[in-house]
Amino acid sequence: MKKAVLAGVISCLFIGSATAKYLESEVAIGMASLMMCSTFYSETNMLVEGSVVGQAATEHRDAGIDKMMMTAETSAELDRFIKQFDSSNKEQKIKLCAGAMKFAEESNFGK
């Protein structure tokens with residue numbers, strides 16, 4: 001996975017003000033999976049899937065996810081997910097990305 005994508009996920013999720021809301025773990029992991037799977041799908045020529053998760057990531061950013069802050073617990077859970085994704089083979093990444101697709105379909109963040 002490209003380090004720039006991971007840096008973007010982390011910086012996007014840590015930026016916030018003192019009055020910002022805290023990001024729930026499942027939303028942080030869902031957003032990270034959207035961004036990582038968008039890159040993964042692009043690299044493996046899975047264009048339809050990449051478009052779906054990319055659009056969902058954009059919608060979450062537009063809804064204000066980038067203004068939220070994470071707790072230390074959420075940050076640790078996100079780190080574990082990123083390590084799991086990075087150490088996965090292609091088939092495992094496809095399974096993890098199925099979770100990103102489900103998150104994209106079911107998430108009501110910002111609605």
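Trainee: Which residue does the side chain of His-60 join in a polar contact?
Mentor: Keep in mind that this is a predicted model. His-60 sits in helix H3, which covers residues 47-62. The contact between the two side chains is 2.8 Å, and the partner of His-60 is Ser-107.

Trainee: Is His-60 buried or exposed?
Mentor: Look at the relative accessible area, which is 5% for His-60. The cut-off for buried is under 20%. His-60 therefore counts as buried.

Trainee: Okay, where do the buried residues of H3 fall when you look down its axis?
Mentor: Start with the list: Gly-50, Val-53, Gly-54, Ala-56, Ala-57 and His-60 are buried in H3. Their directions fall within an arc of 160 degrees, so they line one face of the helix. As a rule, an α-helix has 3.6 residues a turn, so residues three or four places apart point the same way. On the other side of H3 you get the exposed ones, Leu-47, Val-48 and Asp-62.

Trainee: How far apart are the end C-alpha atoms of H3?
Mentor: H3 has 16 residues, and at 1.5 Å a residue they should span 22 Å. After the helix comes Gly-64, with a positive phi near 105 degrees.

Trainee: Which cysteine does the disulfide join to Cys-37?
Mentor: The count comes to one disulfide. Its S to S distance is 2.1 Å, and it joins Cys-37 to Cys-97. The pair links distant parts of the chain, 60 residues apart, with Cys-37 in helix H2 and its partner in helix H5. Both cysteines are buried, and the one you asked for is Cys-97.

Trainee: What is the handedness of that disulfide, left-handed or right-handed?
Mentor: Go by the torsion about the S-S bond of Cys-37 and Cys-97, about -95 degrees. That value makes the disulfide left-handed.

Trainee: Zooming out, how many helices and strands does the protein chain have?
Mentor: From the N terminus on, the elements run α-α-α-α-α. Among contacts between residues at least 6 apart in sequence, 82% join residues at least 24 apart. The secondary structure comes to five helices and zero strands.

Methods:
Residues numbered from 1 in each chain as written. Predicted model: local features only at pLDDT ≥ 70, side-chain atom pairs only at ≥ 80, totals over all residues. Heavy atoms only, no water. Helix = DSSP H or I, 4+ residues; strand = E, 2+ residues; numbered from the N terminus. Buried < 20%, exposed > 50% of the residue type's maximum accessible area, 1.4 Å probe, protein only. Polar contact = N/O pair within 3.5 Å; in protein donor to acceptor, adjacent residues only side chain to side chain. Expected span 1.5 Å × (residues − 1). Arc of directions from axis to C-beta. Disulfide = S-S within 2.5 Å. Contact = heavy atoms within 4.5 Å.
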